[in-house]
Amino acid sequence: MKKIIAVLLTAILAVSLAACGSSGRQSGSNTEDNKENEAAMDIPDAVTLLTTVWDSYTDDEKFPAIGGDFSEANNKENAPGVYDLSDADAVEVNLGFPAAQLDAVDGAASLIHMMNGNTFTCGAFHVKDASQMDSVAAAVKASIMNKQWMCGFPDKLGILTVGDYLVSVYGAEDLVDNFQNHLTAAYASAVVVCDAPIE
């Protein structure tokens, strides 16, 4: 009888230890997922997203840049700025975001190379309905890939998503790659949707 009780107690102990181990792993996984989700949800606006990335650059990596929509209120030197969405044609011309899709977003920011937008242009857009993210990303890709370029020709296009935000960046390959590396390092939940040469 003592042997049976000892075997039962050993079995119960083994099951409880296995359950605790499993529970601990699940909890750790949820904690990591929660941190990623919190990082994406803690972005109050598109300017904050781009500023977080730009601030992670070293001084040697930075280049002369301008942010915002070139208005007095939103124009920022060497920093991202708010891009007013009221002029759909300007958004399409300057950032490559198609005017026909503009009703899908409710906030934007930009960072552009001060000497030539074809060297580096980045736009961050808050997508109102995350279920539309794939169609918005496809429209942005088509718009930029089919753009008629003047004053130079960009090498590469990158499109990434971070939570409810879509970020497009095009220009010189090294600058696009560096930006994408900084963005994915700053936001663990970032997903690269497009990383392609512009032909």
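D84, D87, D89 and E92 gather on the surface as a patch of negative charge. The model described here is predicted. Elsewhere in the chain, K156, D177 and D195 are linked in a network of salt bridges, and the salt-bridge count comes to two.

**The negatively charged patch**

- One member of the patch, which also comprises D84, D89 and E92, is D87; D87 is found in the loop that runs between strand β3 (81-82) and helix α3 (88-95).
- D87 has a relative accessible area of 42% and is therefore classed as partly exposed, since that class lies between the 20% and 50% limits.

**The loop residue N74**

- N74 is placed in the loop between strands β1 (65-67) and β2 (76-77).
- The relative accessibility of N74 is 18%, so this residue counts as buried, the limit for that class being under 20%.
- Leaving aside residues up to four places away in sequence, N74 touches G67, G68, D69, G81, V82 and D84.

**The salt-bridge network**

- The side chains of K156 and D177 form a salt bridge, with an N to O distance of 2.4 Å.
- This pair links distant parts of the chain, K156 lying in strand β6 (residues 156-162) and D177 in helix α5 (residues 173-186), 21 residues apart.
- A salt bridge also joins the side chains of D195 and K156, at 2.8 Å from N to O.
- K156 takes part in the salt bridge with D177 and in the one with D195, and the three residues are linked in a network.
- K156 counts as buried because its relative accessibility is 10%.
- D177, at 24% relative accessibility, counts as partly exposed, and D195 is likewise partly exposed, with a relative accessible area of 45%.

- P44 lies in the loop between helices α1 (2-41) and α2 (46-55).
- With a relative accessibility of 59%, P44 counts as exposed, because the class begins over 50%.
- The C-alpha atoms of P44 and H126 are separated by 9.9 Å, while the two residues are 82 residues apart along the chain.

Note on methods: Residues are numbered from 1 along each chain as its sequence is written. This is a predicted model: local features need pLDDT of at least 70, side-chain atom pairs count only at pLDDT 80 or more; totals for chains, interfaces and linings use all residues. Side-chain values use heavy atoms; hydrogens and water are left out. Helices (H or I, at least four residues) and strands (E, at least two) are DSSP runs, numbered from the N terminus. Buried means under 20% relative accessible area, exposed over 50%, partly exposed in between (1.4 Å probe, protein chains only). Contact means heavy atoms within 4.5 Å. Patches are made of residues with over 30% relative accessible area and no salt bridge: like charges are joined within 9 Å, nonpolar side chains (Val, Leu, Ile, Met, Phe, Trp, Tyr) within 5 Å. Accessible areas come from the Shrake-Rupley method with a 1.4 Å probe; for residues, only the protein chains shown count as cover. A salt bridge is a side-chain nitrogen of Lys or Arg within 4 Å of a carboxyl oxygen of Asp or Glu. Lys and Arg count as positive and Asp and Glu as negative; His and the chain ends are not counted. The place of a charge is taken as NZ of Lys, CZ of Arg, CG of Asp or CD of Glu.
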